[in-house]
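My entries follow in the order in which I looked.

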Amino acid sequence: QFQTSQLLNNLPKQFFASLVKKVGKYIEQGYDVINLGQGNPDQATPQHIVEKMQEAAADPANHKYSPFQGHHYLKQAAADFYQREYNVKIDPDKEVAILFGGKAGLVEIPQCLLNPGDTILVPDPGYPDYLSGVELAKAEMVMMPLREQNDFLPDYNEIPFEAIEKAKLMFLNYPNNPTGAIATKEFFEETVKLASENDICVVHDFAYGALGFDGDKAISFLQTEGAKEVGVEIYTLSKTYNMAGWRVGFALGNSSVISAIELLQDHLYCSLFGGIQEAAAEALTGPQDCVRELNNLYERRRNVLIEGLRSLGWNVTAPKGSFFAWLRVPEGLSSTEFADILLEKAHIAVAPGVAFGELGEGYVRVGLLTTEERLREVVRRISKLEIF
Ligand code: PLP
């Protein structure tokens with residue numbers, strides 16, 4: 001038995017590993033568990049992307065190392081995608097880094113830009129993996145509260161001015177995991193102003209960029225004037241094209257951040273398998289009906305769940321984007337207690353809000369990651385609990 005390093009020991013506990021274990025026990029015992037706890041898309045990657053990968057896998061050119069920083073055609077495809085979808089001009093040579101999924105970039109950026117003790121602003125509640133990069137960089141976190149009364153956008157007036165002055169980096173994420181909130185143009189404008197006045201690098205996590213409901217297409221941070229001077233956006237194919245297992249994403253925007261990411265990656269790994277890069281380019285530039293259909297599918301699921309829960313008397317807010325519903329737990333119960341009741345008594349797995357930060361207490365996160373029929377079953381099972 002070797003002892004692990006302090007660096008490893010200090011990393012935050014991975015909540016979802018323990019949830020998977022807990023849910024696994026119920027499944028092993030033969031219960032029909034409806035698992036809405038993790039954020040794992042339940043649909044398959046569109047066929048034309050899979051076929052491109054099959055073809056590319058047979059090409060010996062892809063059997064060698066890819067260029068260290070990835071293939072130019074994929075950077076060009078990402079730039080074309082931003083031009084087409086968001087009317088944002090990106091220089092494929094200087095403003096795109098290819099990532100092993102969005103998560104890799106989110107963990108790498110603090111290590112690229114921060115020294116031990118530097119301050120970083122992180123949303124609470126937020127995607128737990130932000131904390132991993134912060135810990136690896138030995139940076140100091142200041143949490144930015146996301147409150148329901150402010151549509152889960154941080155109110156910069158609420159953050160101590162001293163922290164804003166000191167901060168070198170800030171994470172934002174809209175459409176938001178876990179709250180399902182979306183950002184406004186005005187909020188992004190305020191963010192660029194704050195960042196440029198205080199020399200903060202903004203990292204906008206746009207993992208759910210393709211998922212905006214009620215006709216509201218989510219806006220990219222890079223659409224804001226001056227955004228490229230103050231930050232980068234992380235885009236991933238995981239959710240847009242149901243490619244979570246393929247591990248491919250991008251950082252786009254500020255060229256000094258992009259080159260820092262590429263430098264760190266040069267030290268860590270060679271680039272992605274060429275077949276995946278060809279398939280990713282196909283995803284970005286090929287037919288896009290699959291994306292619209294996916295968005296509509298999640299919207300229909302959202303409606304089934306939210307309307308069903310409201311019919312039970314549960315006062316729930318409908319998410320505006322992402323594939324999560326963020327639901328207030330019944331009074332008198334903590335988020336963990338309520339999640340445990342749902343698992344034990346109704347065999348429904350959800351994530352307790354506290355897994356996303358202190359301000360997540362009082363909520364549970366429910367993934368819209370099963371069929372409408374199964375979501376109706378969720379409502380039926382909850383109705384039997386007679387909580388509401
Ligand atoms: N950012 C957020 C907010 C997420 O929810 C996820 C995945 O669940 C990611 C990033 C990571 O996505 P990827 O699969 O690209 O690593």
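**Secondary structure and overall form.** I found 15 helices and twelve strands in the protein chain, taking helices (H or I, at least four residues) and strands (E, at least two) as DSSP runs numbered from the N terminus. I noted that the model is a predicted one, in which local features need pLDDT of at least 70 and side-chain atom pairs count only at pLDDT 80 or more, while totals for chains, interfaces and linings use all residues. Residues are numbered from 1 along each chain as its sequence is written.

I then looked up the radius of gyration, taken over C-alpha atoms, and the globule rule of 2.2 Å times the number of residues to the power 0.38. The protein chain has 21 Å, which agrees with the value near 21 Å that a compact globule of 388 residues would have. Along the principal axes, the C-alpha atoms of the protein chain fill a box of roughly 60 × 55 × 55 Å.

For burial I used C-beta atoms placed from the backbone, calling a residue buried if 20 or more others lie within 10 Å of its own, exposed if 12 or fewer, and partly exposed in between. On that count, buried residues make up 47% of the 388 residues in the protein chain.

**Helix α12.** I traced α12 over residues 274-285, where its twelve residues reach 17 Å from the first C-alpha to the last, close to the expected 16 Å; the expected span is 1.5 Å times one less than the number of residues. Eleven of the twelve residues of α12 are buried, among them Gly274, Gln277, Glu278 and Leu284. I asked what covers the buried residues of α12. The cover includes α3 (47-57), α4 (72-86) and α10 (237-240), with contact meaning C-beta atoms, placed from the backbone, within 7 Å.

**Around the ligand.** I listed 13 residues around the ligand, of which Gly101, Gly102, Lys103, Thr236 and Ser238 come nearest; a residue counts as near if its C-beta atom, placed from the backbone, lies within 6 Å. Helix α5 (residues 101-113) gives the most to this shell, with three residues.

**An open sheet.** I followed three strands in the order β9-β12-β11, with antiparallel pairing, where a pair needs at least two DSSP bridges. β9 (324-328) and β11 (351-352) stand at the edges with a single partner strand each, so one side of each is left without a neighbour in the sheet. β9 pairs with β12 (residues 363-367) over five bridges, and Ala325 has Val366 in β12 as its bridge partner.

Technical notes
Contact = placed C-beta atoms within 7 Å.
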